[in-house]
Amino acid sequence: MAHGPATLADGWRAYISRWVFTTNHKDIGTLYLWFSFAMFLLGGAFAMIIRAELFQPGMQLIRPEFFNQMTTMHGLVMVFGAIMPAFVGLANWMIPLMIGAPDMALPRMNNLSFWILPFAFAILTSTLFMEGGGPNFGWTFYAPLSTTYAPDSVNFFIFAIHIMGASSIMGSINIIATVMNMRAPGMTYMKMPLFVWTWVITAFLLVAVMPVLAGAVTMMLMDINFGTSFFDAAGGGDPVLFQHVFWFFGHPEVYIIILPAFGVVSQIIPTFSRKPLFGYSSMVYATAAIAFLSFVVWAHHMFTVGMPIAGELYFMYATMLIAVPTGVKVFNWITTMYKGSLTFETPMLFSIAFVILFTFGGFTGLMLSIAAADMQYHDTYFVVAHFHYVMVAGAVFSGTAAIYYWLPKWCGKMYNETMGQVQFWVAFIGFNIAFMPQHFLGLAGMPRRYADYGLQFADWNMVSSIGAFIYGGAQLMLLYNVIMTIKFGKPTTEEKTWEGAEGLEWTVPSPAPYHTFSTPPEFK
């Protein structure tokens, strides 16, 4: 008994040193994934406040200023705190395993890139408790609203953005260095799994555009505190300059979010179709083409600022061009499933939903790319519906698919398949009830980021809010399923190998989805 406290202290010391000082890519990947899920729940709570207020017309629960803070924080936390760290976590876990590397190339930097994130988001969320409130200018923080009229907490917001950017750049350099230098012998670039390819391209995008975001917020800092006039028209500056700088970062950013999702789905669909991915090389080139084009379409977010007709035409056609490589990917996924021996386990359900809903979001994006039409759609709920179909049905559905797909590999235990499927249907139905009506609201003229609205929008807003709460509940089911798997899940069976089409040998992580067939599927 005398040794009890010392033993307890030693145990805590070992636990802390394992997680705080770890340089193990799997541990760091786990930290990223848990942190991103915590941020996902926080950002989701902000969204629930928004939808609760919009349940009826009039002001019910919160003041308009707080509503503006919620819209801002929801966007920032979801993009920078939930989605991006989740995919970095997947990259940390899976890339070394997929390319045969012992670890990431720069393990100490890997540790640092994670541990600065909780401090960044602690700073960001603490602004809500400061005098004058948190950022209230939307997640795109347009000047001069974010400079001349911002609350005093804006300096903390800028500092938090800088820290997040540093984390992203370090993580990206690590991924690039790992894939370029640490592939196993024989693992050529055109043999790498698609998930690795999408992340390499994403990492280059991040290194290219994160300094642009840093420049934008640094110019904001100067305008607020040091008397410069980058964005202040009274001093000879230009508020539209902010939009150009922001969207030069912001448009590649949405592809930074979605490209790893493409990679995840490109791993899952072939597995449950029992076929190799159709058109591997075209998928690689399409991903690179999307990444390149993402740099040259930024002003399609700015059709209403009064740019010349020539500029509008260029950005319209360049934006439509992105539909071509994206269409290549969608047709390749569909062709992979065509005549495959399909089974519909939870990861496959989320992946198929991803393909359907992301494609729908792509079509509404094509509508928004038409400059003349965008004059009507701009800043309405149609835009909100569009990017939630692309971001939530894209990034979050594929992220959920990845968790179900790789969780048995991570912890050696099998999740509850029935509960996974129930969670999928609750999420799928709730998502569509939440965001489909927002297309109708937007086309009817309801502007986004308003705490109140006209009576003619009441019915669809009520439907949308109900769907949002259903979708939020589905995420709690996911959390419960993951925790129950780690604590009480059945151990997975041994890995099974089978011959695929063209004599390719397939090895899959072998939880219950795969033990349903004891003989290799036949290919004709």
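Which residues does Thr287 touch, not counting residues up to four places away in sequence? They are Thr198, Ile201, Leu259 and Lys329, where contact means heavy atoms within 4.5 Å. The model is predicted, so that local features need pLDDT of at least 70 and side-chain atom pairs count only at pLDDT 80 or more, while totals for chains, interfaces and linings use all residues. Residues are numbered from 1 along each chain as its sequence is written, and side-chain values use heavy atoms, with hydrogens and water left out.

Thr287 is found in helix 8; helices (H or I, at least four residues) and strands (E, at least two) are DSSP runs, numbered from the N terminus. With a relative accessibility of 1%, Thr287 counts as buried, a term that stands for under 20% relative accessible area, with exposed set at over 50% and partly exposed in between (1.4 Å probe, protein chains only). Thr202 lies 85 residues away from Thr287 along the chain, and the C-alpha atoms of the two are separated by 9.4 Å.

A cavity is a set of points, on a 1 Å grid over the protein atoms alone, where a 1.4 Å probe fits but cannot get out, and its lining residues have an atom within 4 Å of a point. Grid points are joined across faces, edges and corners, and a volume is the space filled by probe spheres set on the points. By this rule there are two cavities of 30 Å³ or more. The largest has a volume of about 110 Å³, and its lining includes Tyr32, Phe80, Leu117 and Ser168. Helix 5 provides the largest share of that lining, five residues, and by class the lining has eight nonpolar, four polar and no charged residues.

The second largest cavity holds about 30 Å³ of space, and among the residues that line this cavity are Ile83, Trp199, Ile256 and Pro260. Here the largest share, four residues, comes from helix 3, and the lining has nine nonpolar, no polar and no charged residues.

Some details of the backbone remain. The peptide bond from Ala143 to Pro144 is cis, with omega near 0 degrees, and Pro144 has its place in the loop between helix 4 (107-126) and helix 5. Asp379, in the loop between helix 12 (371-377) and helix 13 (381-411), has a positive phi of about 60 degrees although it is not a glycine, and at 39% relative accessibility Asp379 counts as partly exposed.

Notes:
1 Å grid on protein atoms, 1.4 Å probe; cavity = no way out; pocket = protein on both sides within 12 Å on 5 of 7 lines; lining within 4 Å. Nonpolar A, V, L, I, M, F, W, Y, C, P; charged D, E, K, R; others polar.
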